[in-house]
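Consider how charged and aromatic side chains contact one another in the model shown here.

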Amino acid sequence: MNDRLLSMLGICKRAGQLIAGFDPVKKSVQCGRALLVLTASDLSDRTKKEIAYLTRETEIPCLEMARTLDEFEFALGRRAGVYCVEQEGFAKKLAALVQEEAARHPVCENEEEPNL
């Protein structure tokens, strides 16, 4: 795997520090154990809103990754669109990787389609 972000998630999973799925992540957030929440880019709008509400209320960083549910399933062996990390070192590294990637590949939602 040549994807640093998915590779780090795999390491986090093997270390037993990655929580996957809406309900387990919600529980971790509500109990105050989650330090970082990560979501897939193609997560449903309803789930995005619920996670955003939970993380806003608890002031836990929630970052959307430029990865789909299928990419997560392929890399991690489980189809889930919401993940959280409860270990500080992994949370800092993953947040840095997500932000580094976003800085390298900014998304411009207001770009017009080229005229062909």
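A residue is termed buried when its relative accessible area is under 20%, exposed when that area is over 50%, and partly exposed in between, using a 1.4 Å probe and protein chains only. The model is predicted, so that local features need pLDDT of at least 70 and side-chain atom pairs count only at pLDDT 80 or more, whereas totals for chains, interfaces and linings use all residues. Residues are numbered from 1 along each chain as its sequence is written, and side-chain values use heavy atoms, with hydrogens and water left out.

Side chains of opposite charge can pair when their charged atoms come close. Here a salt bridge is counted when a side-chain nitrogen of Lys or Arg lies within 4 Å of a carboxyl oxygen of Asp or Glu. Under this rule the structure has 10 salt bridges.

One of them joins Arg79 to Glu73, with an N to O distance of 3.5 Å.

Another salt bridge is formed by Lys48 and Glu64, whose closest N and O atoms are 3.6 Å apart. Lys48 belongs to helix H3 (residues 45-58) and Glu64 to strand E3 (residues 62-64), so this pair ties together parts that are 16 residues apart in sequence. Helices (H or I, at least four residues) and strands (E, at least two) are DSSP runs, numbered from the N terminus. Lys48 is partly exposed at 26% relative accessibility, and Glu64 is partly exposed at 45%.

The side chains of Glu101 and Arg67 also meet in a salt bridge, at 2.6 Å from N to O. Glu101 is in helix H5 (residues 88-104) and Arg67 in the loop between E3 and helix H4 (69-76), so that the pair links distant parts of the chain, 34 residues apart. Are these two residues, Glu101 and Arg67, buried or exposed? Both Glu101 and Arg67 are buried. Together with Asp3, Arg67 and Glu101 make up a network of salt bridges.

Aromatic contacts come next. Rings of Phe, Tyr and Trp (its six-membered ring) pair if their centres lie within 6.5 Å; planes under 30 degrees apart count as stacked, over 60 as edge-to-face and the rest as tilted. The structure contains 1 aromatic pair. The ring centres of Phe72 and Tyr83 are 5.0 Å apart and their planes stand at 50 degrees, so the pair is tilted. Phe72 lies in helix H4 and Tyr83 in strand E4 (residues 82-85), and the pair links these distant parts of the chain, 11 residues apart. Phe72 and Tyr83 are both buried.
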